[in-house]
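Open the model in your viewer and switch to a cartoon view. The stops below go from one selection to the next.

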Amino acid sequence: MVKYVVKKGRVFWPSKAMKKIAWANSEKIYKEASESPAKFWAKAANELFWFKKWHKTYEQSRLRPWNFRWFVGGKTNACYNALDIHLPEKANQTALIWIPEPEKEPDQNYTYEELHELVCKAANMLKSIGVRRGDIVTIYLPMIPELIISMLACARIGAIHSVVFSAFSSQALKTRLLDNRSRFLITADGYYRRGKLIKLKEPAEQGARGTAVEKIIVVNRARRKIRLKNNEFWWHLLMEEQPLSCPAEELDSNSVMFLLYTSGTTGKPKGIIHELGGYMVHAYLTAKLVFDLHENDVMFCTADIGWITGHSYACYGPLFNGITSIIYEGSPDWPSWKRFFSILEKYNVTVFYTAPTLIRMMVANRLERLLARFKFEKLRILGSVGEPIDEETWLWFFRHVGKSRCPIVDTWWQTEGGGVLISSLPGIGPFIPGVAGRSFPGVNHLVLDEGGRPVSVGKEGYLVQASPFAPGMLSGVWRNSKLYREKYWSQYHKYYFSGDGAYMLKGKLFRITGRVDDVIKVAGHRLSTAEIENAINKHPLVVESAVVAKLDKIKGNVPVAFVVVNKKKKNIEQDIIGLVAKEIGPIAKPHIVYVVPDLPKTRSGKIMRRVLRALMLNETVGDVSTLVNPEVIGQIERIVKV
Ligand code: WTA
């Protein structure tokens, strides 16, 4: 195995100015945190508001290490910490800026006071339709302020939010609704994307059919004139009637704050459970230290709130820290990149957090000249998340967006982690292209081999987290404790298994290489090959299928499908692509569909995806002695080559 060595001259350190202002600027923080992680996190928790203080900071079962809890016995409220605590001093400061895609629509600014008022009204609105503490509210909204308002309103009254990415299909929504059994759904009539009106009410309604959903609230974002049914309500009409104040409920630290469905290795997405106290403290502190948030900071996190990054760094993290968060409805290159960069300039963005795919799009579009026209004077920190960032892209981002003066924090984490787990800190560094950095203070990662032994420095292995587990870590999988144990805790028992491969480098730095399971990151979006196969197999002519990931210059990875059919049909490839879009969403569409006579299988019937991957890449297939049908190799080879 090749040893990974950092190239000379490719290590960057914080400037003096950055060191001076940064919250974390010396080794001390790592030392203190590792001496007592519980104390370290408790100190952060104390910077937030609690109705009642916890009596135990951390507890973990010795026999069942996956049972752990933070801030036991504490009572708090995430909405109170996002809004109310800032009112005495920052009532008039901007909390949220929303930029609609159509340029003719004005941007909208909300101060902390205004957002607070809207959230209180929305919380009362939820109560008025029967939402109670502990109820699950599914939110299927585009990037509009009502999305954040709905989440905070749920948090205020102790309802559990379950946000579904608005570009997921009605079927994907249904799958989630059938699992979380929520009786309430919030959606919109439509939204704008690449200059087009995208209808949302229709897929929402379809997705809700046959589920437990009783009531639907519809935001009139696109001003469509549609008629609602008896159990459907316009957001703006319900809001008109609501009182302005609503108390924030005193909630148990260990109550469920939200569910977020994510793809794993099985054919169905799983509902990741996040508990209130731990998630809140983790999102707060990581936002504060990784993005070094100070008063007057303006953060632009481009992730959709339908994914965890948007939850933690477009909504909760910035608000817990009392700064300004910007959300944008549309596509970055629509109507032009100039518009997108103007957002950064106009609002004096100080922290810009995005995904490598978006940067690679900028590189591919040769935006250097356009970028040279922008100064981004206030920009201090750049962040990358969601997939490995290659060195060239990193350097390009550093030079052309960061003007060679802003550190890049390459943050590794997952839906399961709730917030950043591995990253360099802006005031400490180092910043190395292709290397994410160290475990966040108070968190401890290791790289192990198959047998559970640590690999030596510079070698690749499996990334795991050791106890005490970070506060933001999931507490389970909704209605599936077996899956929770098997997926994360069966490989190494006392360690949490991430599903990622990594190198441990000198100085406890991690270089992440990506998923080692059937999860595939397409343009930073997390999908599962099994889920895509499930969708394909619904086609009446498909006998079986296998989906593998193919490297892509822009998107990182794209799915490629190998399909066996029982009858040839013209354009079946297009049918299949359309089916995947319908079952999951356009982001999951296979890049290529190969119709093949059979799939390479072992005696026990296991599909050998490794062989398919090699054939697709025109590489040697290696040892195939375990195959029952070696003749397929030649056949597939011929099909792939065409
Ligand atoms: C990948 C997104 C390399 C990784 C926050 C992980 C990364 C999966 C990075 C989780 C990074 C995330 N470098 N890979 N900086 N950040 N990943 O749940 O494979 O949507 O397991 O959470 O994204 O994706 P998820």
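This is a predicted model. Start by selecting helix α13, residues 337-346. The helix lies across β4 (94-99), β16 (298-301), β17 (324-328) and β18, and runs at about 170° to β17.

Next, select helix α16, residues 391-401. Helix α16 packs on the sheet and touches β18, β19 and β20, with its direction at about 150° to that of β19.

Now show the sheet itself. Seven strands make up an open, mixed sheet, ordered β5-β4-β17-β16-β18-β19-β20. Its edge strands, each pairing on one side only, are β5 (108-111) and β20 (408-411). On average, neighbouring strands are turned by 20° against each other, direction ignored.

Zoom in on β18 (residues 351-354) and β19 (residues 381-385): the two run parallel and are joined by four bridges. Select T354 to find S384 of β19 opposite.

Turn to the side chains. The whole structure holds 47 aromatic pairs. One of these to select is Y58 with W70: the ring centres are 4.6 Å apart and the planes at 50°, so the pair is tilted. Y58 belongs to strand β1 (residues 56-60) and W70 to strand β2 (residues 68-72). Y58 is buried at 15% relative accessibility, and W70 is buried at 4%.

Then select F68 and W489, an edge-to-face pair with 6.3 Å between centres and 65° between planes. F68 is in strand β2 and W489 in helix α17 (residues 481-489), so the pair ties together parts 421 residues apart in sequence. Both F68 and W489 are buried.

Finish with two charges over rings. The charged end of K288 sits over the ring of W23, 4.1 Å from its centre. R438 lies over the face of Y30, 3.7 Å from the ring centre.

Note on methods: Residues numbered from 1 in each chain as written. Predicted model: local features only at pLDDT ≥ 70, side-chain atom pairs only at ≥ 80, totals over all residues. Heavy atoms only, no water. Pairing = 2+ DSSP bridges. Axes fitted to C-alpha atoms, helices over the stretch in contact; angles between N-to-C directions. Contact = heavy atoms within 4.5 Å. Phe/Tyr/Trp six-rings, centres within 6.5 Å; stacked < 30°, edge-to-face > 60°. Buried < 20%, exposed > 50% of the residue type's maximum accessible area, 1.4 Å probe, protein only. Lys NZ or Arg CZ within 6 Å of the ring centre and 35° of its normal.
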